[in-house]
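Thanks for coming. I will take a few minutes to walk through one structure.

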Amino acid sequence: MEIEGKVIQELEPQSGVSKAGKPWKKREIIIETFGTYPRKVKITLFGERADSIPAVIGESYSFSIDVESREWQGRWYTDVSAYAARPLGMDPNGNPPYPGYPQQQPQYGAPQPQYGAPQQQQYASHNSIAAPAAPTASPADPFGASSEPDDLPF
C-alpha cells in the first residue's frame with residue numbers, strides 16, 4: 001500500500017533488547033496526508049529501516065506501508081509500518097508530481113468563504129408563461145369592474 005504526506009513530527013527513537021537477546025530499534029514519524037480532508041498518520045520504521053529510510057520534517061514523501069492489527073488483552077491495536085520511502089518533489093520542469101499537490105492543502109487561518117452573502121449575479125426569470133395583467137381601476141370605477149359580461153354564475 002502507498003500513502004503520501006508531509007512529515008510534521010518525529011517522535012523520540014526507541015531501542016532495546018528482545019527476549020532472545022537481539023537488539024532492536026524503532027523510529028516513529030507523524031505525517032499529514034494531502035487532499036481536502038488531511039489526516040495525521042503515525043508511521044513506524046523498525047529495525048534497519050529506522051536508519052535507512054530518511055524522513056525530514058517539512059518534506060513530502062510517498063511511503064510504501066503495511067497495515068496490521070493485533071489484539072492484546074481484549075483491545076485491538078493497528079500498526080502502520082513503512083518498508084520504503086520516496087521523496088515527492090517537483091518534476092524536472094518545476095511542476096508538482098500530480099495535479100493538486102500541494103496547492104489543495106488547506107491554509108489554516110486563511111479567510112473562509114462568506115455563506116449567505118448577497119449574490120452579485122442577477123438571475124433571469126425562468127417563468128415561461130406570462131401571467132395575465134390585472135384589471136386596473138379607473139376613477140369612475142374604483143373596484144376595477146368593467147362593462148364586459150363575465151361568465152360567473154353569481
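I will start with the overall layout and then turn to the salt bridges.

This is a predicted model, where local features need pLDDT of at least 70, side-chain atom pairs count only at pLDDT 80 or more, and totals for chains, interfaces and linings use all residues. Residues are numbered from 1 along each chain as its sequence is written, and side-chain values use heavy atoms, leaving out hydrogens and water.

The protein has 1 helix and 6 strands; helices are DSSP runs of at least four residues, labelled H or I, and strands are E runs of at least two, numbered from the N terminus. Along the sequence the order is β-β-β-β-α-β-β.

Of the 154 residues, 21% are buried. Buried means under 20% relative accessible area, exposed means over 50%, and partly exposed lies in between, using a 1.4 Å probe and protein chains only.

Now, how many salt bridges are there? The count is 6, taking a side-chain nitrogen of Lys or Arg within 4 Å of a carboxyl oxygen of Asp or Glu.

One of them joins Lys 25 and Asp 51, with the closest N and O atoms 2.8 Å apart. This pair links distant parts of the chain: Lys 25 sits in strand E3, residues 23-33, and Asp 51 in helix H1, residues 49-52, 26 residues apart. Lys 25 is partly exposed at 33%, while Asp 51 is exposed at 56%.

Another salt bridge pairs Arg 70 with Asp 79, at 3.4 Å from N to O. Arg 70 is partly exposed at 43% relative accessibility, and Asp 79 is partly exposed at 29%.
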